[in-house]
Structures are given as C-alpha cells and as structure tokens.
Amino acid sequence: MRLTAKQITALKVLLHLAGFLPLLWLFWAAQHGGLGADPGKDIQHFTGITALKFLLATLLVSPLARYAKQPLLFRTRRLLGLWCFTWATLHLTSYALLELGMQNLGLLGRELVSRPWLTLGMTGWVILLLLTLTSTQAAQRKMGKRWQTLHNYVYLAAILLPLHYLWSVKVLSPIPIIYAICFVVLLAFRYKKLLRKTGYKGVFMKSE
C-alpha cells in the first residue's frame, strides 16, 4: 500500500517537529542546568550529532522510497536537507561563539586552516550551504544539468562530516564509529553511481 499525498503532508509535519523540538529541549536544558559540566561542549556535540542524523535521514530517503516502492517519500528529502543545514549551522555557530568567541574571527579562520578536522567540517558545511541555496525548483530549472552535478556533492559531504566527527573526538568511542558505519552503508547503496561519478567505466544504473 502506497502512501498518499495527505499522509506525506502529515509525515512532513512530524519531520518538522523532529527538527524543531530538539532545539526547544536544548534551550530548556541550557537554562535549567540540563547539560553537563561543560555546557559549551555539550551544545556543540548535540547540534553536530543532530545534523548528522538529518543527513543520514536525507540519504535514507532514496533507498527507502525505491525498495519500499513509496515514490512520494522523495518529497521529504528537501525538508530533511534543510533541517540538516540548520543544525549544521547551529553547530558551527556554537563552536564560533562558545569555543572561540565571535569577536575573534581571525582566530576562527586560523583554527579552520590549522586543524584538519575543522577543515573537513567547514568544507562539508559549505557544501550543505550550496545545496540549500539551490534547493528550490526555480534553481533547478535555471541550472539545468549543472543542478544534478552540484547536488551529487551531498555524497562528498556524507564522507567529510563523519570523518570530521571521528577526527574531532579526543577519546574514540563506539558512537562516532556507529555513525561512520551508517554512512558507509547508505553510500554503499549508491556505489554504482559513485563509481560512475569518479570516472569508472562500465554499465551502471541510471542516475537518481
């Protein structure tokens, strides 16, 4: 049984709540002592993890829609991508404000260059920014074939951002490894497309 347009609309409402309610919880926790001994680090960790969750959900849409034969699920992909960018921006902002202080933008620039995991994270954020700015149908019509080329860079973001997470933790724990494995699995569903985009010659399935 396929999902209807009304059910997809209801699903979008739930997904918006999934993106917004954690933000309310974060504000509440910050105001009522719900964070740990280092609230700044906790906020950075929470916003970064939430961004990764939404990126995973965005990548999950295509295989889920195809294997479950639910084509209307593709309508949720832009929404998930926008929430991913929102939380990634909150993550970057929390680092700039709580770790460095916004008054020292020069320090932020030096940090991004001198710390490789920050370079990876910033590169991933720039990719998400470009995808967000061109996520409208008007942008797709205007860019033509270049639109798909640009939006294929989501796969690069899906490599860079888990690496950013793995590299940034001082003590390696199972959680970043689990996230990395989840991204590897989702990218594996697209291995033929990824091989084709990297120049591998052969017979592959059609582009998404």
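Mentor: Helices (H or I, at least four residues) and strands (E, at least two) are DSSP runs, numbered from the N terminus. This is a predicted model, where local features need pLDDT of at least 70, side-chain atom pairs count only at pLDDT 80 or more, and totals for chains, interfaces and linings use all residues. Residues are numbered from 1 along each chain as its sequence is written, and side-chain values use heavy atoms, with hydrogens and water left out.

Trainee: Over residues 79–97, how much is helix and how much strand?

Mentor: That stretch is 100% helix and 0% strand, with its end C-alpha atoms 27 Å apart. Residues 117–138 are 86% helix and 0% strand, and there the end C-alpha atoms are 34 Å apart.

Trainee: What does UniProt call "transmembrane region"?

Mentor: The unreviewed UniProt entry puts that annotation on residues 46–67, 79–97, 117–138, 150–167 and 173–191. Such positions are given in the numbering used here, feature names are shortened, and annotations may be inferred rather than shown by experiment.

Trainee: Switching to α2. What should its 29 residues span?

Mentor: Helix α2 covers residues 39–67 and should span 42 Å; the expected span is 1.5 Å times one less than the number of residues. Its end C-alpha atoms are 42 Å apart, which agrees.

Trainee: Where does α2 bend?

Mentor: At L60, by about 35°, and the proline P63 follows within four residues. The bend is the angle between axes fitted to the seven residues ending there and the seven starting there. Just after α2, K69 has a positive phi of about 55°.

Trainee: And at what angle do α1 and α2 pack?

Mentor: About 175°, with the axes 11 Å apart; α1 is residues 5–31. Axes are lines fitted to C-alpha atoms, for helices over the stretch in contact, and angles run from 0 to 180 degrees between N-to-C directions. The pair is therefore roughly antiparallel, a label for angles over 145 degrees.

Trainee: Which residues meet there?

Mentor: L15, A18, G19, P22, W25 and L26 of α1 meet I43, F46, T47 and F54 of α2. Contact means heavy atoms within 4.5 Å.

Trainee: How do α5 and α8 pack?

Mentor: Helix α5 (residues 116–133) and helix α8 (residues 154–168) pack at about 150°, with axes 8 Å apart. Residues in the contact include W117, G121 and W125 of α5 and A157, H164 and W167 of α8.

Trainee: What about α8 and α9?

Mentor: The axes of α8 and α9 (residues 174–188) come within 9 Å and cross at roughly 165°. That makes α8 roughly antiparallel to α9. Among the residues that meet are Y155 and P162 in α8, and P176 and F183 in α9.

Conventions: Angles under 35 degrees count as roughly parallel, over 145 as roughly antiparallel, 65 to 115 as roughly perpendicular and the rest as oblique.
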